[in-house]
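Here are my notes on this one, written as numbered points. Keep the model open while you read and click on each residue as it comes up.

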Amino acid sequence: MGSPAPVIASNEGVIDAVKAALVDDLVYAEEAVHEISITVRREALNDVMITLRDTEGLKYQQLMEIAGVDYPERPERFEVCYHLLSLTRNHRIRVKVTTDEDTPVPTVTDIWPVAGWLEREVFDMYGVIFEGNPDLRRILTDYGFRGHPFRKDFPLTGYVEMRYSEEHKRVIYEPVELAQDFRTFDFMSPWEGAEYILPGDEKAEGAPDVDKPKVTESPKDTGAGPRADEKAAETSDEPDKPGGDKDG
């Protein structure tokens with residue numbers, strides 16, 4: 001019995017076909033972990049997508065996803081990654097363009113209308129501008145959200161926090177206030193002992209006297225009070241059970 005999973009087309013010859021189809025619009029192509037990724041000129045993105053969709057031997061008809069990546073150390077810090085699927089060949093390819101905070105990327109909504117929402121996600125999370133998108137606005141964060149949370153320089157706590165105000169009878173935004181400072185942990189073994197003094201330890205004077213263990217030889221030694229002393233003095237009517245008085 002054959003595998004129920006579909007047979008994925010081989011990567012053999014794909015890069016050569018892409019180079020022949022895109023010519024000067026192709027910046028870089030590589031195959032890694034059985035996946036093909038190509039980087040193309042940002043200005044030629046629409047022409048590249050149409051070529052990949054319509055060229056015989058490629059035929060990447062469907063846009064599956066658009067994702068963003070942030071490399072703050074690069075002059076063009078953002079990569080916009082388009083994941084395409086060839087339905088006829090059952091093959092996938094990743095197309096990448098680079099940009100910065102101010103330079104827009106051409107929209108591909110004229111080729112694949114589904115790109116409208118996908119581009120909005122990248123805009124919301126990274127701040128990448130898509131020129132020509134008919135409805136480029138936030139889609140995952142709230143209306144008053146500041147910044148773009150998937151950027152590497154975005155603070156973990158954000159800039160503002162939201163809460164319901166009983167005074168104003170509505171949701172309000174305030175600067176973030178942490179209830180306590182971030183803690184640091186030394187991950188020391190408890191058997192090794194800490195090198196610092198825990199709160200309260202400074203009150204102890206000297207080591208405990210282990211040669212004189214505390215014992216309760218009589219009910220009076222428990223210190224639990226008269227009612228407990230009276231109960232402890234009673235004899236058990238079940239001497240054979242643990243804790244019973246054998247003399248009872």
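1. Start with Arg-137. If you skip its neighbours within four places in sequence, Arg-137 is in contact with Arg-120 and Phe-123, where contact means heavy atoms within 4.5 Å. Arg-137 belongs to the loop between β7 (130-131) and β8. Its relative accessible area is 45%, so Arg-137 is partly exposed; buried means under 20%, exposed over 50%, and partly exposed is in between (1.4 Å probe, protein chains only). Trp-117 is 20 residues away along the chain, and its C-alpha atom is 9.5 Å from that of Arg-137.

2. A word on what you're looking at. This is a predicted model, in which local features need pLDDT of at least 70, side-chain atom pairs count only at pLDDT 80 or more, and totals for chains, interfaces and linings use all residues. Residues are numbered from 1 along each chain as its sequence is written, and side-chain values use heavy atoms, with hydrogens and water left out.

3. Now the overall layout. The protein has 4 helices and 9 strands, which are DSSP runs numbered from the N terminus (helices: H or I, at least four residues; strands: E, at least two). Reading from the N terminus, you get α-β-β-α-β-β-β-β-α-β-β-β-α. Of the 248 residues, 29% are buried.

4. The bridge links distant parts of the chain, 24 residues apart: Glu-101 is in the loop between β5 (91-99) and β6 (105-106), Arg-77 in the loop between β3 (62-70) and β4 (78-86). Arg-77 is the buried one, at 7% relative accessible area, while Glu-101 is partly exposed at 32%.

5. There are 17 salt bridges in the structure. Another one joins Glu-174 and Arg-163 (2.9 Å, N to O), and this pair ties strand β9 to strand β8, with the partners 11 residues apart. Both ends are partly exposed: Glu-174 has 24% relative accessible area and Arg-163 has 40%. Look too for the network in which bridges with shared partners join Asp-25, Arg-41, Arg-42, Glu-43 and Glu-76.

6. On to the rings. Rings of Phe, Tyr and Trp (its six-membered ring) pair if their centres lie within 6.5 Å; planes under 30 degrees apart are stacked, over 60 edge-to-face, and the rest tilted. That rule gives 4 aromatic pairs. Phe-145 and Phe-154 are stacked, at 5.9 Å centre to centre and 20 degrees between the planes. Phe-154 also pairs with Tyr-159, but here the planes are at 85 degrees with centres 5.3 Å apart, so this pair is edge-to-face. Phe-154 is buried at 15% relative accessible area; Tyr-159 is partly exposed at 37%. Elsewhere, Phe-78, Tyr-126 and Phe-150 form one aromatic cluster.

7. Met-162, Tyr-164, Val-171 and Tyr-173 make a nonpolar patch of about 400 Å². Patch residues have over 30% relative accessible area and no salt bridge, with like charges joined within 9 Å and nonpolar side chains (Val, Leu, Ile, Met, Phe, Trp, Tyr) within 5 Å; the areas come from the Shrake-Rupley method with a 1.4 Å probe, and for residues only the protein chains shown count as cover. The elements giving two or more residues to this patch are β8 (160-165) and β9 (170-175).

Notes
A salt bridge is a side-chain nitrogen of Lys or Arg within 4 Å of a carboxyl oxygen of Asp or Glu.
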